[in-house]
Amino acid sequence: MPDQIHKEVLLLGWEGEENLGLRYIAAYLQESGISADIVPINGFCSSDISEAIKKAGPRIVGFSMIYQRMLSDFKELIASLREDQIGCHFTMGGHFPTLEYNRALRCIPGLDSVIRHEGELTLVELYRHLDSPEHWAEIKGLVYRRDGRIHVCEPRPLIEDLDILPFPLRGGEIRRHRNLKISSLITSRGCHYDCSFCSIQEFYRGAPGRKRRSRSPENVVQEMRSLFDSGTRIFVFKDDDFGMARPPQKRWIEAFIRSLEESGLANEILWRISCRVDEIDAEALEALRNAGLCFQYLGIESGSNSSLLAFNKHYDVHKIYESLDIIKRVGVDFEYGFMMFDPYSSMQSIKENIESLKYICKGGRAAVHFTKMFPYVGTAIADQLKKEGRLKGHFSIPDYSYLDPRVDQLQTFFNTRFYNIIFDGQGLMSRLSFALMDSVVAERFFSETLNGKSYRMGVEKLVNEYNSSILDAMELARAFMESRSRREIWQDWAVLGRMVEKRLSVHGSISRALEDLIPN
């Protein structure tokens with residue numbers, strides 16, 4: 001934990017990567033004449049955090065909580081800080097407290113207020129009126145506790161012109177890859193779409209204003225130039241959706257590329273975006289690639305049309321394949337999000353998902369992985385599950401059962417057999433995905449010393465072997481359970497386990513070959 005000097009506002013949140021929400025707020029506070037700093041809470045115990053707060057001596061501590069599964073952790077942390085005699089004002093922002101401000105304040109007695117939606121203007125106003133609680137009712141976007149009651153203020157309009165905001169506060173530990181500095185940034189806030197499992201639309205819906213707003217291309221490139229001059233060579237765009245298909249976004253991209261070229265950055269950097277499958281445009285993608293785009297994250301989500309319909313994705317499996325073909329032809333690498341299990345999963349939809357993963361990952365261009373859909377608070381699919389009486393578990397960790405009980409068994413089996421492979425940060429899937437990314441970086445920046453193309457071909461071969469083994473094992477388990485009753489599945493569980501382990505036995509040799517392949 002870095003040493004702290006006195007700060008008037010201290011912001012606490014998870015920072016696996018740069019927490020741009022907190023960093024924008026900190027920068028805006030400082031521009032407003034209020035000293036502020038960020039304390040990342042990952043990896044530190046409550047006593048370390050308490051010490052940092054005491055050392056900084058802030059008047060306000062702001063907590064960033066995005067997802068409800070973090071509720072118990074923040075409840076425990078804040079209770080510990082109060083027990084340690086930290087008496088300053090505690091406020092909280094993020095998706096969960098914005099949507100469930102009453103629950104947040106009731107579940108966390110040590111919390112004084114919640115800041116809903118975008119936090120920059122509201123937190124500055126709260127700071128300036130901190131000693132005048134009679135004015136709090138006039139602070140738009142604030143929810144606060146007073147005299148045993150919770151008071152909800154009028155929502156604050158969303159910031160229309162994002163260019164007025166200062167660039168995010170930078171500092172702390174710098175992410176690097178092969179000693180190249182990595183920086184995160186955004187070009188926009190919000191999303192046009194309404195996926196049933198996503199809370200982004202709900203986060204912005206309660207506040208007046210356009211739900212998606214973009215910075216000017218020139219403003220984005222100005223920030224990139226500043227970061228480049230301080231050593232950044234890899235940029236990760238954290239937009240909810242970096243669109244390409246709509247005419248306004250196409251014009252934005254043209255201006256962005258022109259500005260990148262004029263700045264001299266286009267041939268000196270590597271960058272990554274997140275994009276919907278149905279936003280892929282061949283012409284725009286090629287232009288972006290020529291300006292340094294090397295990676296994109298695709299929210300594919302499912303390879304079953306029934307699940308895509310339940311997710312309200314507005315596209316079908318054919319569109320996924322069409323977009324992947326464009327990406328391959330243009331020559332941009334991709335990663336993807338994929339939910340094998342959702343509340344309406346069936347043995348048939350899982351079979352379709354496995355078949356789709358074969359196409360998505362063919363040739364070793366991506367490593368097979370998947371997850372289960374989580375019913376986040378405020379999402380349409382969580383509300384639907386509640387209406388159906390299928391939402392169960394603790395509020396902070398909600399869950400659901402499947403319509404076919406055998407799917408519950410299949411998910412349990414997948415978790416048991418594939419967890420360390422797919423979900424562990426040091427598992428084979430993560431290591432292979434890292435190597436795919438590393439080979440692109442090697443070819444982009446170290447072509448004179450590292451044979452990036454040969455490295456890439458070797459990695460793809462290993463990824464292809466991994467994909468074949470994991471997909472065969474998944475389909476084996478699915479077909480095994482589909483042909484049996486629930487009782488028979490439990491009886492033959494160990495038999496299935498041994499059969500699957502045979503399919504996965506190649507992973508040891510893949511792992512050893514990968515270690516030998518990655519260049520120093």
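**Helices and sheets**

Student: Which hand does the crossing of α16 and α20 have?
Tutor: α16 and α20 cross in a left-handed manner, that is, with the near helix turned anticlockwise from the far one by less than a right angle, whereas clockwise would be right-handed. Helices (H or I, at least four residues) and strands (E, at least two) are DSSP runs, numbered from the N terminus. This is a predicted model, in which local features need pLDDT of at least 70 and side-chain atom pairs count only at pLDDT 80 or more, while totals for chains, interfaces and linings use all residues. Residues are numbered from 1 along each chain as its sequence is written, and side-chain values use heavy atoms, with hydrogens and water left out.

Student: And what are the angle and distance between the axes of α16 and α20?
Tutor: Helix α16 covers residues 428-445 and helix α20 residues 507-517; their axes come within 11 Å and cross at roughly 35°. Axes are lines fitted to C-alpha atoms, for helices over the stretch in contact, and angles run from 0 to 180 degrees between N-to-C directions.

Student: Which residues in α16 and α20 meet?
Tutor: From α16 there are Leu428, Arg431, Leu432 and Ala435, and they meet His507, Ile510, Ser511, Leu514 and Glu515 of α20. Contact here means heavy atoms within 4.5 Å. Five residues of this contact are nonpolar, two polar and two charged. Ala, Val, Leu, Ile, Met, Phe, Trp, Tyr, Cys and Pro count as nonpolar, Asp, Glu, Lys and Arg as charged, and the others, Gly among them, as polar.

Student: Next pair: at what angle do α13 and α17 pack?
Tutor: Helix α13 (residues 347-360) packs on helix α17 (residues 452-482) at about 165°, and the axes are 10 Å apart. The two are therefore roughly antiparallel; that word applies to angles over 145 degrees, while those under 35 are roughly parallel, 65 to 115 roughly perpendicular and the rest oblique. The crossing of α13 over α17 is left-handed.

Student: Which residues make that contact of α13 and α17?
Tutor: On α13 they are Met347, Ile350, Lys351, Ile354, Leu357 and Lys358, and on α17 they are Leu471, Met474, Glu475, Arg478, Met481 and Glu482. Seven of the contact residues are nonpolar and five charged, with no polar ones.

Student: What about α15 and α19, how are they oriented to each other?
Tutor: Helix α15 (residues 405-422) and helix α19 (residues 493-503) make an angle of about 45°, with axes 12 Å apart. They are therefore oblique to each other, and the crossing is right-handed.

Student: Changing topic: what is the strand order in the sheet that holds β8?
Tutor: It is an open sheet of seven strands, β8-β9-β12-β13-β14-β15-β16, with mixed pairing. Two strands pair if DSSP finds at least two bridges between them. At the edges stand β8 (176-177) and β16 (371-372), each with a single partner strand, so one side of each has no neighbour in the sheet.

Student: How do β8 and β9 run, parallel or antiparallel?
Tutor: They run antiparallel, and two bridges join β8 to β9 (residues 180-185). His177 has Leu180 of β9 as its bridge partner. The loop between these strands holds Asn179, a residue with a positive phi of about 65° although it is not a glycine.

Student: Is Asn179 buried or exposed?
Tutor: Asn179 counts as exposed because its relative accessibility is 62%; exposed means over 50% relative accessible area, buried under 20% and partly exposed in between (1.4 Å probe, protein chains only).

Student: And how many residues of β12 are buried?
Tutor: Five of the six residues of β12 (residues 232-237) are buried. β12 runs parallel to β9, with five bridges between them, and pairs with β13 (residues 270-275) in the parallel sense over three bridges.

Student: One last topic: what is the order of the sheet that holds β1?
Tutor: That open sheet has seven strands, β2-β1-β3-β4-β5-β6-β7, and its pairing is mixed. β2 (36-40) and β7 (149-152) are at the edges, each with a single partner strand, so one side of each lacks a neighbour. The average twist from one strand to the next is 20°.
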